[in-house]
Amino acid sequence: MEVRIIVETTFENGTTKRHRVGYLSRPFRRTQPEGFGLLLEDAKIILRQLQNAILRDQIEEISAASRICPDCDGVRAIHDYRSRVLDTLFGRFKVKAPRIRCCACNAKSDVVLGGPLSPLARFFPDRSTPEMQRLQAELGARYSFREAARILETFVPCAKQVNTSVRNRLGKVARNIDAIEQTEPVVAAAVEDPPALTVFLDGAHIRCRPEYQKRHLDVVVGKIESHDKCRRFGLVQQAMLSPASQLRQDLRALGWDRGKTVTVISDGEPALPNLVRGAVGGKVRHILDWWHISMRIQHIENAVKGLLQVRGFSGIPMLFKRPAEALRWYLWHGKVLTATTSLQWLMVDCARLGTDDRVATEAVRRVQARCRDLYSYLANNMDNLTDYGRRHRAGLPISSSRAEGCVDDIGNTRMGKRRRMRWSPKGAHRVAVVRAAVLDGRLTGAYQRAAA
C-alpha cells in the first residue's frame with residue numbers, strides 16, 4: 001500500500017496551489033505489528049512538511065495584501081527581502097520576508113513613515129508563534145526545564161529544544177500575563193452589590209541560590225474565592241516592585257471594588273494579611289485559621305493524656321482532663337476569654353503538682369509548654385478570632401485549607417525542597433505566576449484574548 005498526501009491551498013483571489021507533503025509505503029507482505037497505521041516519526045515528518053506549506057502560503061498571501069496602500073489603493077514597491085527564522089510548534093523554518101516601501105501618497109496610516117514595512121514583524125515580534133511560547137511555558141511550569149525540552153522534542157516535530165530557551169520563554173510569558181491582565185478592562189457586575197471575596201493565604205519555602213546569601217525564599221501563594229469564581233495566585237515579594245498591585249489586579253478580576261470588605265484567612269503570620277491590606281488600601285477582616293488552633297489544642301490533649309498515664313502522677317485526673325477537653329468547645333463557639341482562663345488554671349494546676357519522679361516532671365513541663373504556646377498564639381491573634389461554629393453552620397469558610405492546597409500545587413510540586421533545585425527570586429516568581437495561570441486555565445485564555 002502506498003499513501004500520498006497532497007494539500008491544496010485556495011487563496012482569496014480564487015487561485016489554488018498544491019503541495020505534496022507526505023508519502024508512506026506500507027507493503028502488506030512485510031508489515032510488522034509496529035508498522036500499522038501512522039507512526040510517530042511519520043507524523044512528525046508530515047506535520048513539518050504541512051506546516052512548511054501552510055506557512056509559506058500564508059506569508060505569500062499576507063505580503064501580497066500588504067502591498068496595497070490602505071489610503072489610495074495603489075501597489076507599493078518591495079524594498080528588499082530579508083531572511084527570517086520562525087520557530088513553530090511543528091518545526092523551525094527559514095523564510096524570505098519582504099519589506100515594503102511607503103506609498104507615494106504620504107498619507108498617515110498604520111505604516112510607520114520613513115522606513116520600509118515588514119508585514120511579518122507584526123505577527124511574529126519574537127520570531128516564534130504564540131502557541132509555541134505557551135506550550136513551552138506550560139511545560140516549564142509543570143516540569144523541570146530540561147524535562148520540558150525533552151517532552152517537546154519527543155512528541156512534536158519542533159526544533160531542538162534547550163532548557164535555557166524554555167526558561168527564557170517562561171519568563172516572557174509571565175511578563176505577558178501580567179501585561180495582558182493589567183490592560184484588560186474590568187467588566188462591571190450586573191448586580192448592585194459587589195461579590196464578597198475571601199482570600200486564603202499561606203507561604204511556601206523553597207531553596208534559594210547561594211549568591212543571594214539566604215537559605216530559603218518565601219513564596220506567597222493563595223486563592224481568592226467569591227460565590228461562583230475562584231482564582232489562584234503566587235508571587236515572590238522580593239522580585240516585585242509592588243506585590244500589592246498584582247494582588248489588587250487579581251481581586252479586581254473577580255469583581256472587587258473599594259466598597260466591599262475582603263475577608264482574609266491565614267495562619268496568623270502578620271505579613272500575609274498586611275499584603276492584602278496594602279492591595280485593598282484599607283481594612284480587611286482577618287480570621288485566624290481554625291486548623292492551626294485545633295492542632296495546638298490537640299497537642300495539649302496529647303500532653304495531658306501522657307501526664308495522666310505516668311505512674312508518678314499524684315493529682316486529681318479530672319482537674320487536668322476536663323479543661324483540656326473543653327478548650328476546643330470554648331474556642332469553636334467563640335468563648336475566647338473562657339478558654340484563656342481555662343488555660344491559665346491548667347498551668348496553675350500543673351505548677352502545684354509536686355512530684356519527685358523525673359518522668360512525671362517532664363510530662364508536667366510538656367503540658368505547661370503546650371499551654372503557653374496556645375496562650376501566646378491566642379493572645380497575639382485576639383482580634384482575629386471569631387465564632388467558628390456559627391460561620392461553619394452558615395456555610396462560610398473557617399480554614400485556610402484552600403491555601404494549603406495551593407502550596408502543594410504551585411510551590412512544592414514544582415519548586416519544593418525535595419526537588420534539589422535552587423531558585424532566584426525573579427525565577428521563582430515567574431514560575432509561580434505561570435503555574436497559577438496554568439492551573440486556572442488562564443494561560444490559554446489570556447493568549448486568545450490578546451489575539452482577538
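A residue counts as exposed when its relative accessible area is over 50%. Aspartate 73 reaches 58%, so it falls in the exposed class. Keep in mind that this is a predicted model. You'll find aspartate 73 in the loop that runs between α1 (40-66) and β3 (78-88). Its phi angle is near 60°, which is a positive value in a residue that isn't glycine.

## A hairpin: β6 and β7

Four residues make the hairpin that joins β6 to β7.

How covered is strand β7? Mostly: of the six residues in β7 (230-235), five are buried.

## Salt bridges across the chain

Side chains of opposite charge can pair when their charged atoms come close. How many salt bridges turn up in a search of the whole structure? The search finds 22.

Take arginine 99 and aspartate 80, whose side chains meet with 2.9 Å from N to O. Arginine 99 belongs to strand β4 (residues 91-100) and aspartate 80 to strand β3, so this pair links distant parts of the chain, 19 residues apart. Arginine 99 is buried at 16% relative accessibility, while aspartate 80, at 23%, is partly exposed.Another pair is glutamate 301 with arginine 328, where the closest N and O atoms are 3.4 Å apart. Because glutamate 301 lies in helix α8 and arginine 328 in helix α9, this bridge ties together parts that are 27 residues apart in sequence. Glutamate 301 is buried, with a relative accessible area of 15%; arginine 328 is partly exposed, with 24%.

## A bridge with one end exposed, and a network

Arginine 390 and aspartate 387 also form a salt bridge, with 3.9 Å between the closest N and O atoms. Which of the two is buried and which is exposed? Arginine 390 is exposed, at 59% relative accessibility. Aspartate 387, with a relative accessible area of 17%, is buried.

Salt bridges can also be found linked up here: Lys17, Asp57 and Glu60 are joined in a network of them.

## Patches on the surface

A positive patch is formed by Arg207, Arg215, Lys417, Arg420 and Arg422. One of these, arginine 422, is in the loop between α13 (401-415) and α14 (425-440). Arginine 422 has a relative accessibility of 48%, so it counts as partly exposed.

There's a nonpolar patch as well, made by Ile316, Met318 and Leu319 and covering about 280 Å². Isoleucine 316 is in the loop between α8 (290-308) and α9 (317-332). At 52% relative accessibility, isoleucine 316 counts as exposed.

Key:
Residues are numbered from 1 along each chain as its sequence is written. This is a predicted model: local features need pLDDT of at least 70, side-chain atom pairs count only at pLDDT 80 or more; totals for chains, interfaces and linings use all residues. Side-chain values use heavy atoms; hydrogens and water are left out. Buried means under 20% relative accessible area, exposed over 50%, partly exposed in between (1.4 Å probe, protein chains only). Helices (H or I, at least four residues) and strands (E, at least two) are DSSP runs, numbered from the N terminus. Two strands pair if DSSP finds at least two bridges between them. Patches are made of residues with over 30% relative accessible area and no salt bridge: like charges are joined within 9 Å, nonpolar side chains (Val, Leu, Ile, Met, Phe, Trp, Tyr) within 5 Å. Accessible areas come from the Shrake-Rupley method with a 1.4 Å probe; for residues, only the protein chains shown count as cover. A salt bridge is a side-chain nitrogen of Lys or Arg within 4 Å of a carboxyl oxygen of Asp or Glu. Lys and Arg count as positive and Asp and Glu as negative; His and the chain ends are not counted. The place of a charge is taken as NZ of Lys, CZ of Arg, CG of Asp or CD of Glu.
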